[in-house]
Amino acid sequence: YGKKAHVKMRTLPKNLNIRIREKIDAYAFDTAANQHMVKRIVNTDKYRLRVGDWRVLFEEFGDTIFVSAVEPRGSVYKR
């Protein structure tokens, strides 16, 4: 997790934090089975994972997933 994503995850309610971590872990464990939850962001090397109204932005480096942001749906793309 990047610093911004780590801070955001700590401030979220516990049930939402657990739900997001479970989705990330499920995708990391079996990317092919969970591909329907992930889309590539245009003109970048980042992907987004949809978890309800929240979006998780991440990059893949081989077997490693680096989470750079966890934000509500409307504000995550305003960068």
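A: Leaving aside its neighbours within four places in sequence, Lys23 is in contact with Met37, Leu49 and Val51, where contact means heavy atoms within 4.5 Å. The model is a predicted one, in which local features need pLDDT of at least 70 and side-chain atom pairs count only at pLDDT 80 or more, whereas totals for chains, interfaces and linings use all residues. Residues are numbered from 1 along each chain as its sequence is written, and side-chain values use heavy atoms, with hydrogens and water left out.

Lys23 belongs to helix 2, residues 14-29; helices (H or I, at least four residues) and strands (E, at least two) are DSSP runs numbered from the N terminus. The relative accessible area of Lys23 is 30%, which makes this residue partly exposed, given that buried means under 20%, exposed over 50% and partly exposed in between (1.4 Å probe, protein chains only). Although Lys23 and Leu49 are 26 residues apart along the chain, their C-alpha atoms are separated by 8.2 Å.

Within helix 2, the buried residues are Leu16, Asn17, Ile20, Ile24 and Tyr27. Seen down the helix axis, these buried residues fall within an arc of 105 degrees, so they line one face of helix 2; the arc is that of the directions from the axis to the C-beta atoms. An α-helix has 3.6 residues a turn, so residues three or four places apart point the same way. The face of helix 2 turned away from the buried side carries the exposed residues Lys14, Asn15, Glu22 and Phe29. What covers the buried residues of helix 2 includes helix 1 (3-11), strand 1 (38-40), strand 2, strand 3 and strand 4.

A search of the whole structure finds 2 aromatic pairs, counted when ring centres of Phe, Tyr or Trp (its six-membered ring) lie within 6.5 Å, with planes under 30 degrees apart called stacked, over 60 edge-to-face and the rest tilted. Tyr27 and Phe58 form a tilted pair, 5.5 Å centre to centre with 55 degrees between the planes. Since Tyr27 lies in helix 2 and Phe58 in strand 3, this pair ties together parts that are 31 residues apart in sequence. Tyr27 and Phe58 are both buried, and the relative accessible area of Phe58 is 2%. Tyr47 and Phe58 form a stacked pair, 5.8 Å centre to centre with 20 degrees between the planes; Tyr47 lies in strand 2, so this pair ties together parts 11 residues apart in sequence.

Strand 3 (residues 54-61), the strand of Phe58, is mostly covered, with 6 of its 8 residues buried. This strand runs antiparallel to strand 2 (residues 47-51), to which 5 bridges join it, two strands being paired if DSSP finds at least two bridges between them. Strand 2 and strand 3 form a hairpin with 2 residues between them, and Gly52 in the turn has a positive phi of about 65 degrees. Strand 3 is also joined by 8 bridges to strand 4 (residues 64-72), again in antiparallel fashion.
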